[in-house]
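The stops below follow one another as selections.

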Amino acid sequence: MDERGTELSRRTLFRTGAVAGTALGMGAATGAASASEPLAGVGEDERSWPRPQGRSMVGVPFDRHDEVRVGVIGLGNRGLSMIPLFLAVPGARITAVCDTNAEAVRRAARKVCDGGQPEPAQYAGGEHDFEKLCARDDIDLVYVATSWEWHVPMALSALRNGKHVGIECPLAMTLRELWELVDASERHRRHCIQLENCCYGRNELRVLRMAHDGKFGELLHGAGAYIHDLRELMFSDTYYAGEWRRTWHTRLNGDLYPTHGLGPVANYMDVNRGDRLVRMTAMSTPALGLAEYRQQHEQPGDSSWRERYVKGDTTMSLIQTAKGRVIRLQHDVSNPYPYSRLNQLAGTKGVFEDYPARIYLEPDHSGDRWARFEDYARYDHWLWTDVGPGPGGHGGMDYVMLYRTIQTMRLGLVPDIDVYDSATWSAPVALSVESIRRGGAPVPFPDFTRGRWRDARPGIDRPKPA
């Protein structure tokens with residue numbers, strides 16, 4: 001493929017036509033959602049976007065920390081469950097916790113004390129108390145585990161206050177927000193990281209090392225997904241505070257959660273490290289599942305009956321890279337469907353498929369019969385043979401992810417996942433919405449690295465540090 005034909009500049013991206021105000025944008029200054037803001041970043045003229053104000057963060061190491069002091073924002077199911085894992089990581093200390101729910105803050109503080117650390121500072125004074133946490137001088141890393149609309153204002157506050165920030169998935173919901181985070185990371189010289197636990201799964205890291213060893217030959221295509229029946233949880237009165245996750249299904253029709261599937265496959269293909277994503281097309285099915293579940297399980301007077309669901313039950317997307325490879329994404333949380341992240345990789349010498357894990361490689365295998373993935377345990381990453389799974393968290397990948405993040409900070413290493421990877425993996429949220437709006441037409445993929453994607457540089461597959 002002619003790279004000149006696939007290199008899509010930021011100027012091209014912003015001149016792809018005006019966008020109807022059907023998608024949700026976020027006011028980064030306030031954290032408030034506005035259903036009338038256009039899908040920022042597609043259809044905007046480049047001149048309306050602030051020029052970069054800092055040098056690239058590609059290859060920039062962390063400053064060394066003997067101890068990494070962590071401030072936690074968001075103490076719902078996810079944030080609260082991660083506190084014991086942080087406490088188990090050598091060299092990590094939780095110094096502050098924040099949530100609008102005062103009881104959740106007290107529970108988190110008790111967990112920290114029960115884990116043998118001093119009582120952390122506690123913030124529960126309102127929606128913007130996170131700004132006080134970010135301004136503290138005893139925090140090195142801010143961990144954000146809130147509802148999606150708050151990710152960007154909290155991350156920007158952390159970066160402005162000189163803190164590195166790790167964010168739960170996805171990083172942001174619009175391209176404008178993603179560019180804001182890239183620019184802020186460069187300007188303030190602090191890392192902004194998508195804490196994508198699936199990149200640290202045992203199978204994912206084994207496949208990554210096999211791909212880099214050439215076991216699959218020349219890579220051709222891969223697939224990733226988030227297929228998880230969340231209907232009961234999304235209609236729960238307590239699981240998602242304010243039932244925020246279901247609300248997104250009334251706002252956007254697209255892939256709302258792409259990073260679990262895309263992150264590992266992008267790593268296999270060295271995206272932003274010799275290849276890049278250049279275009280995406282998406283389609284969705286009708287939006288039926290949540291309405292049917294509501295009909296069967298909700299009382300007539302429940303507030304959910306005022307909701308109109310626009311997000312198709314299944315979203316399927318295709319992404320092409322500069323080298324001509326293809327990645328397929330799928331998202332479905334509204335139907336009865338056993339959990340799967342697909343996690344597939346194929347090349348000229350064979351293929352791997354997960355759920356269940358199986359493999360076929362030439363010349364190792366023949367006869368068109370799947371073989372045992374367990375036979376390749378010799379390719380296990382040192383994070384699993386020497387560290388994981390620790391106290392657990394999604395089979396151990398949560399702990400491995402936190403261990404590695406803290407380790408890179410303590411040793412002053414370049415992070416495995418940088419702001420450019422993080423923005424790239426979250427961009428399909430906005431791009432899928434726009435492609436679906438255009439009837440499945442391809443939309444250009446922004447190059448968040450500003451041309452540095454050609455640089456061969458390490459990611460997660462690095463030797464164990466001495």
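Start at Gly 162, which comes after helix 6 and has a positive phi, near 80 degrees. Helices here are DSSP runs of H or I with at least four residues, strands are runs of E with at least two, and both are numbered from the N terminus. This is a predicted model, in which local features need pLDDT of at least 70 and side-chain atom pairs count only at pLDDT 80 or more, while totals for chains, interfaces and linings use all residues. Residues are numbered from 1 along each chain as its sequence is written, and side-chain values use heavy atoms, with hydrogens and water left out.

Next, select helix 6, residues 151-160. How many of its 10 residues are buried? Nine are, so helix 6 is largely enclosed by the rest of the structure. Buried means under 20% relative accessible area, exposed means over 50%, and partly exposed lies in between (1.4 Å probe, protein chains only). The buried residues are His 151, Val 152, Pro 153, Met 154, Ala 155, Leu 156, Ser 157, Ala 158 and Leu 159. To see what covers them, show elements including strand 3 (68-73), helix 5 (130-134), strand 6 (141-144), strand 7 (164-167), helix 7 and strand 8 (192-194).

The axes are lines fitted to C-alpha atoms, for helices over the stretch in contact, and angles run from 0 to 180 degrees between N-to-C directions.

Now display the side chains at this contact (heavy atoms within 4.5 Å). Helix 6 contributes Val 152, Ala 155, Leu 156, Leu 159 and Arg 160, and helix 7 contributes Glu 177, Glu 180, Leu 181, Ala 184, Ser 185 and His 188. By class, the contact has six nonpolar, two polar and three charged residues. Ala, Val, Leu, Ile, Met, Phe, Trp, Tyr, Cys and Pro count as nonpolar, Asp, Glu, Lys and Arg as charged, and the others, Gly among them, as polar.

Two cis peptide bonds come next. Select Cys 169 and Pro 170, where the bond is cis with omega about -10 degrees; Pro 170 sits in the loop between strand 7 and helix 7. Then go to Gly 388 and Pro 389, also joined by a cis bond, with omega near -5 degrees. Pro 389 is in the loop between helix 13 (382-387) and helix 14 (397-411).

Move to Tyr 355, a residue other than glycine with a positive phi, near 65 degrees. Tyr 355 lies in the loop between strand 14 (350-353) and strand 15 (358-361), and counts as partly exposed at 32% relative accessibility. Asp 368, in the loop between strand 15 and helix 13, has a positive phi near 55 degrees. Is Asp 368 buried or exposed? Asp 368 is exposed, with a relative accessible area of 73%.

Finish at Arg 276, in the loop between helix 11 (259-268) and strand 10 (277-284). Arg 276 counts as buried at 1% relative accessibility. Its side chain reaches the backbone oxygen of Phe 445 at 3.2 Å.

Buried residues make up 58% of its 466 residues.

Conventions: Polar contact = N/O pair within 3.5 Å; in protein donor to acceptor, adjacent residues only side chain to side chain.
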